[in-house]
Every structure is written in C-alpha cells, then in structure tokens.
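Thanks for coming, everyone. Please take a look at the structure on the screen before I start.

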Amino acid sequence: MKLVYIASPYAGDVQANTEAAKGYCRAALEEGVIPIAPHLLYPQFLEDSDPAERNLGLRAGLELLARCDELWVCGPEISPGMSREIQFAQGL
C-alpha cells in the first residue's frame, strides 16, 4: 500500500480542523492507501503554541513526508504550514 501524507489545516479552529483531518484520513484509507497525518499525532505530545515544539513537529512531519509516496492536499484553504509542506514535496 502507498503511504500518503495528508496535508490539511490545523491551526485556527483546531477542533473542526482535527475532525476534518480524521475524515480525510479515513477517506484515504478507504481508497486503499495508508494515510500519514502528523498534525493528528504530534499535538498529542507537543505543545503547538510553543514555537520550539511546533518547529520540532513541523520538521518531523517533513521527514515523514520525504518517506511518503504522495502528498494529498485537503481542505478549503492552504495554511502556511501546508504551503511549507507543498514546497518541500515539490523539491523532492
């Protein structure tokens, strides 16, 4: 199965964005791929409001992205974090 990095908004309305990301991951799994969504994992143990911890999570996410087969951009808008992920993927 392909590994697919799910990029979707997180900041802002965190609760709604988290629920949306869960839905994108479920849809991806139903499409027969393995979804990778660091923004659902890292906030469980890293503090997003702490710039150092947020940066650590973003760097770890990009490391995961480098190991994925595809990047899926999901949601109605592209956040600054998603833009960084898209630029990183284009450079791979």
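I'll go through a glutamate, a tyrosine and a pair of rings.

This is a predicted model, in which local features need pLDDT of at least 70 and side-chain atom pairs count only at pLDDT 80 or more, while totals for chains, interfaces and linings use all residues. Residues are numbered from 1 along each chain as its sequence is written, and side-chain values use heavy atoms, with hydrogens and water left out.

Start with Glu 85. Glu 85 sits in helix H4, residues 80-91 (helices are DSSP runs, H or I, of at least four residues, and strands are E runs of at least two, numbered from the N terminus). Glu 85 is buried, meaning under 20% relative accessible area with a 1.4 Å probe, protein chains only; exposed is over 50%, and partly exposed is in between. Glu 85 has no salt bridge (a side-chain nitrogen of Lys or Arg within 4 Å of a carboxyl oxygen of Asp or Glu). The nearest side chain of opposite charge is Arg 84, 8.0 Å away.

Next, Tyr 10. Tyr 10 lies in the loop between strand S1 (3-7) and helix H1 (14-30). Is Tyr 10 buried or exposed? Tyr 10 counts as buried, because its relative accessibility is 17%. From Tyr 10 to Met 82 is 72 residues in sequence, but 9.2 Å in space, C-alpha to C-alpha.

Last, the rings. The structure holds one aromatic pair. Tyr 42 and Phe 45 form that pair, edge-to-face, at 5.7 Å centre to centre and 90° between the planes. Rings of Phe, Tyr and Trp (its six-membered ring) pair if their centres lie within 6.5 Å; planes under 30 degrees apart are stacked, over 60 edge-to-face, the rest tilted. Tyr 42 is buried at 16%. Phe 45 is exposed at 53%.

Terms used. Lys, Arg positive; Asp, Glu negative; His and termini not counted.
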